[in-house]
Amino acid sequence: MSTIIKEFSRFAHAYDSHNMIQAEVAKRLVSKLPKKHYSSILELGAGSGEVTKNLAKHRIDYAHLMAFDSSVNMLSLHPSADNIVKIAGDFNKRDFADTLAQKEYELILSSSALQWSQDLDFTLEQLSKLSKQLHAAIFTSNTFKTLHRTAGVTSPIYSAERLQEALSKYYKSVTFEVHTYTLYFDSVREMFRYIKKSGVSSGEKKLSYKETRSLMKKYPLDYLEFEVLFVEARNIDKIA
Ligand SMILES: C[S@@+](CC[C@H](N)C(=O)[O-])C[C@H]1O[C@@H](n2cnc3c(N)ncnc32)[C@H](O)[C@@H]1O
């Protein structure tokens with residue numbers, strides 16, 4: 001298990017109150033879906049079910065939904081239903097597709113998770129084989145831009161350009177939308193608490209206590225920056 005996965009699990013119960021941005025992102029991703037019914041959906045990094053809850057709100061239904069996530073704790077918070085199957089697994093593992101009972105889906109949905117793909121080409125090739133349609137929201141390296149600059153570290157996640165280039169390789173038609181979010185805080189202390197609990201920072205080089213104290217003093221903004229790439233990718237001409 002990598003550090004990313006551990007951090008999400010550790011705050012699983014507190015997570016729902018610390019995921020304001022991810023909740024906004026999931027809402028937007030679902031609102032952009034063009035259809036009201038899907039035969040099968042594979043949801044990657046499904047977590048506690050923000051996307052599934054939004055599908056219900058928008059009255060978008062499906063015959064089957066596979067909720068795939070590496071954290072069993074997060075999946076236990078995901079809504080259950082007769083047409084929902086929860087699978088614990090890691091999309092970075094080479095045998096990822098083998099762990100799925102079903103090998104073809106009408107749609108793959110993924111909100112706030114694919115930034116943790118360790119090998120974009122591997123992940124996107126697998127996804128393009130599993131479904132002709134991918135709708136995803138992916139955090140980019142401009143997330144915490146000023147924080148990273150102040151700390152003198154580079155973002156551990158992909159830039160929007162790198163994501164766009166890789167996606168265009170595996171899908172015939174891709175449309176992108178870059179969306180930025182700003183989250184204000186009353187104090188720097190609260191801001192840092194949010195970063196730790198949100199799960200967005202997972203995988204970053206861990207700063208020591210002293211480095212964190214110094215960063216908190218130097219950080220020039222009273223808000224955090226987020227950038228998300230919304231992707232609609234297809235290998236079909238028309239949506240049936
Ligand atoms: C920020 S949360 C987003 C959860 C949900 N999609 C939402 O919009 O609220 C990211 C999720 O991706 C999962 N995740 C991270 N890396 C993963 C991997 N390699 N394989 C499967 N799931 C992963 C985490 O466990 C976590 O539940």
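Here are some questions and answers about this predicted model.

Me: How many helices and strands are in the protein chain?
Reply: Let's start with the overall layout of this predicted model. The protein chain has 240 residues, and 34% of them count as buried. Its secondary structure consists of ten helices and seven strands.

Me: Which helix supplies the largest share of the shell around the ligand?
Reply: The ligand is surrounded by 23 residues, and among the closest are G45, E50 and A113. By class, ten of the shell residues are nonpolar, ten are polar and three are charged. Helices α1 (3-10), α3 (20-31) and α4 (50-57) each give at least two residues to this shell. The largest share, three residues, comes from α1.

Me: Which residues have the most contacts inside the largest nonpolar core?
Reply: In soluble globular proteins, nonpolar side chains tend to be buried together. Here, the largest nonpolar core has 47 residues, and those with the most contacts inside it are I108 and I138.

Me: Which strand gives the largest share of this core?
Reply: We are still looking at the nonpolar core of 47 residues. Its largest share is six residues, and they come from residues 223-234, which form strand β7.

Me: Which leucines does I108 touch, not counting residues up to four places away in sequence?
Reply: With those neighbours left out, the partners of I108 include S131 and Q133.

Terms used: Residues are numbered from 1 along each chain as its sequence is written. This is a predicted model: local features need pLDDT of at least 70, side-chain atom pairs count only at pLDDT 80 or more; totals for chains, interfaces and linings use all residues. A residue is near a molecule or strand if its C-beta atom, placed from the backbone, lies within 6 Å of it. Helices (H or I, at least four residues) and strands (E, at least two) are DSSP runs, numbered from the N terminus. Ala, Val, Leu, Ile, Met, Phe, Trp, Tyr, Cys and Pro count as nonpolar, Asp, Glu, Lys and Arg as charged, and the others, Gly among them, as polar. A nonpolar core is a set of buried Ala, Val, Leu, Ile, Met, Phe, Trp, Tyr and Cys residues joined through C-beta atoms within 7 Å. A residue is buried if 20 or more other C-beta atoms lie within 10 Å of its own, exposed if 12 or fewer, and partly exposed in between; C-beta atoms are placed from the backbone. Two residues are in contact if their C-beta atoms, placed from the backbone, lie within 7 Å.
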